[in-house]
Amino acid sequence: MLTLTINGKTMNVDAEEDTPLLWVIRDTVNLTGTKFGCGVAACGACTVHLNGEAVRSCSVPVSEAVGSNITTIEGISDGKLTAVQEAWISEQVPQCGYCQSGMIMAVSALLNENPKPSDEEIDQSITNICRCGSYPRIRKAIHKAVKLQGEA
Amino acid sequence: MAIMKLTRRKFLIAGGLVGGGLAVAYALGDSVPDNKALVSSAKQGEYPLNAWIKISKQGEITVAVSQAEMGQGIYTALCMLVAEELEVDLALVKPEPAPVHPVYANVVAIMDSLPFSDGHHNGEATAGAWAMKQVGGLLGVQATGGSTSVRNFWEPMQQAGATAREMLKQAAAINWNVRADECIAENGIIKLKNGSKSSTYGDLVEQAALLEAPQNIQLKSVNARKIIGKSQQRVDIPAKVTGKAEFGVDVVLPDMAYAAVKLSPVFGGTVTDWDENAIKTMPGFIKAVRFETGVAVIADSFWRAKKAVEALPVTFDSGTNVHLSSKSIFALFENNIESDDGRSYSDDGDAKAALLLASDVHTATYKAPFLAHACMEPMNCTAKVGDNDVEVWVPNQTSTLMSWIAEQTADVPAENVTIHNTFLGGGFGRRLETDYVVMAITIAKELKNRPVKLVWTRENDIQHDMYRPAALAKFSAAINESGMVSAWHNRVAGPSVTRSFVQRLIPAADTDMPDNTTSEGAADIPYQFENKLMEHFPSPTAIPVGYWRSVGHSYNAFFTESFMDELAWTAKKDPVEFRMAHLGEHDDFKNVLRKLAEVSNWGSPLPAGRGRGIALHESFGSIVGQVVEVTIGPNKELSVDKVTCVVDCGEVLNPDGLISQMESGIIFGLSAALFGEITIENGQVVEENFPDYDMVRLENCPEISVHLAPSGRPLGGAGEPATPPIAPALTNAIFAATKERIRELPLSKSEYSI
Ligand code: FES
Ligand code: FES
């Protein structure tokens, strides 16, 4: 048994230590907002926060997450949407939507660390794949979220 | 000047139908189908008024959507059409997946709209038509593909909304003892014209549901529209920013087990031996399953299943395809293309004779690779097999087909099959296939009465796809003294998608027949040449091929629009003017081209190292023109700076939705042009996952501007037409910047780095 803290809740999970955090989140805890896309840290669909920092959970053994605050897409807002989520709606970003949990988690972590990123900084840090090609809207939405956060 | 032989309208429908694999249709008969199909899904207090609309006593309006939502915004589009006629705010209308029912797919309508008897391939029966008869006739088809959704549903959904509205009015009229035309519908309320009485839809629906559906209802005039034609927020988006949207892979059921597979790496290979005892003590192990092409492990979590199946010792017999390679496949194409077995899909004048007489013949050979779909959500399917029934949860583009295959695989009566569709994490044609459904049910049969969720890894997905066919094209053309193309001969060799698709479903089928997916985008180009011949040389291989966003257009547009550009430069003509000069009477194409030249600042000077390229292509009933601007560094560092896109798809339902589909199609095609290649070696796929099957990311995504140029032509598709022109527009831009002509995709092959 391992003890994890996910979205503020502490729980015991039955999993081998080398199980990727992704599968514990999805299959053991049934928080399915975090997605599986590649399993090799190449797409970002599985992005969650470990102590506020974006990680690709398919490539983090669950044992490494013990003792950290794990936040998933389900845990970033309590009732009220965050600026990033608001911006995602107002710019009509998602298409199929499958990559978007990971995108939103990656962008949320970026804006926490760097509230006004330049386009180059965005390019460097948001390397997730969106097969539907929502990138032009993602870029607009990031700038919009920066603005919304500034107003808040 | 030769005149385009085929009747355009019919051809367009064909492109759409065949392009998507199977047609989406519903017979637009004299009246809207009644509510029977929805009665069983109606909850307490909910009343179906026809096959599409349910209204609850609280006034909640539910629209049954038989189309899969895979990102194209179809839920929103169909709800908009209903809301418009029903006189309610879009926010009040909720989509719900329609049950599998023949009313949502009428084979007669599909067959009626087939164009196969008159043109494009000279009266022959085609594989497409054959497929439709066999598969469609057998099942009634309920599928999403070929950019057909809005086109097929536009009027029926409006009719459904209007019929419901009239029934509500009638119910009110009876209550108030007035004539129905004295009542008006407004914002979910029926009012008496003089304003003296009013009732909500919720109050009236129970009575309205008992009434006969009225016939011949007038739809709203274009001027009276409040929703259609205006950008609307998509109804599915809020759930997609909170992680709440449920995709197939997210299905969680009580007592559910998980399965992972290991499949024969070589196409056509089979399992000859295994040692299931070797893994029985692994954590979470439930059962190992052996089937013809691979093995599966069922465990209590996906990760445990995956680890166990990786550890499971298996011996495969590679079969006869072990020597197959991309090289041998292209050699086959080269060989076939020189044979006399070409099938002609368009033939004006006498191109061969004209080329023999011409003093200067320009020739070129083009190649396009196999491509994988790589939907963001890997293939998955959850199945629960009971004693005499099967229940399946699967994100898919064709529930009817899934239902049929489930019935066959589980060997249960048709009425004991239940299919649940979910949101699709991308489709692009991959989810018209049934392979992973067969696999899931085969595995779940071993664990009776317990749901099993089969999830493919990305490696499974990349290596066991039904690929966009590889193809080879050879062109010969002559240009006359006035700089016009006097003869054009285009030969294309490659496998046929429809044939491969149908053979997978009905292995005994003889499908050696014409297939429009091999010639679309090549036989039907808008340019008027005195002598024009387009032939296809069927070249089946053991690599399974399938419908991939824009199908044959995806490579034919690259071939034809690149070669057209070559001819323009050869004739020393501006590429826009050269195209314009060959467009004959096609005013709609000319409009798009003119607008594109204007909004892209075509002709304005660019600094050294930069270039601008153009492509113009029609597919699925929509004309799309694109201009790409590139910058090339001294060591072939390529930056795709900007894409300007002009689209004419007839009337526009949701402008912002259309724009997002254009952006999406462009980026999809750009990923393919820059990086996309599935390589075959030793009968198997070399690529495994995103690191070697890469995609455009934020960093290399160009600025995209989309302009709408509706001309009033018939309604066209949106999901696919932006994909075909991007590759030639890009390579034409590279030529403009460097004078290097790219004749083979992807660009990484020509040592460009991105
Ligand atoms: S699933 Fe983790 S990065 Fe792709
Ligand atoms: S929205 Fe479909 S993958 Fe990004």
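The structure is a predicted model, in which local features need pLDDT of at least 70, side-chain atom pairs count only at pLDDT 80 or more, and totals for chains, interfaces and linings use all residues. Residues are numbered from 1 along each chain as its sequence is written, chains are lettered from A in the order in which they are written, and side-chain values use heavy atoms, without hydrogens and water.

**Chain A: fold and dimensions**
- Chain A contains six helices and five strands, where helices (H or I, at least four residues) and strands (E, at least two) are DSSP runs numbered from the N terminus.
- Along the sequence, these elements follow the pattern β-β-α-β-β-α-β-α-α-α-α.
- The C-alpha atoms of chain A fill a box of roughly 45 × 30 × 25 Å, taken along the principal axes.

**Chain A: burial and contacts**
- Of the 152 residues of chain A, 61% count as buried, meaning under 20% relative accessible area, whereas exposed means over 50% and partly exposed lies in between (1.4 Å probe, protein chains only).
- Among contacts in chain A with a separation of 6 or more, 55% join residues 24 or more positions apart, a contact being heavy atoms within 4.5 Å.

**Residue B:Ile479**
- B:Ile479 lies in strand β19 of chain B, which covers residues 471–479, and is partly exposed, because its relative accessible area is 25%.
- Leaving out residues up to four places away in sequence, B:Ile479 touches B:Met484, B:Val485, B:Ser486, B:Leu567, B:Thr570 and B:Ala571.
- B:Glu740 is 261 residues from B:Ile479 in sequence, and their C-alpha atoms are 21 Å apart in space.
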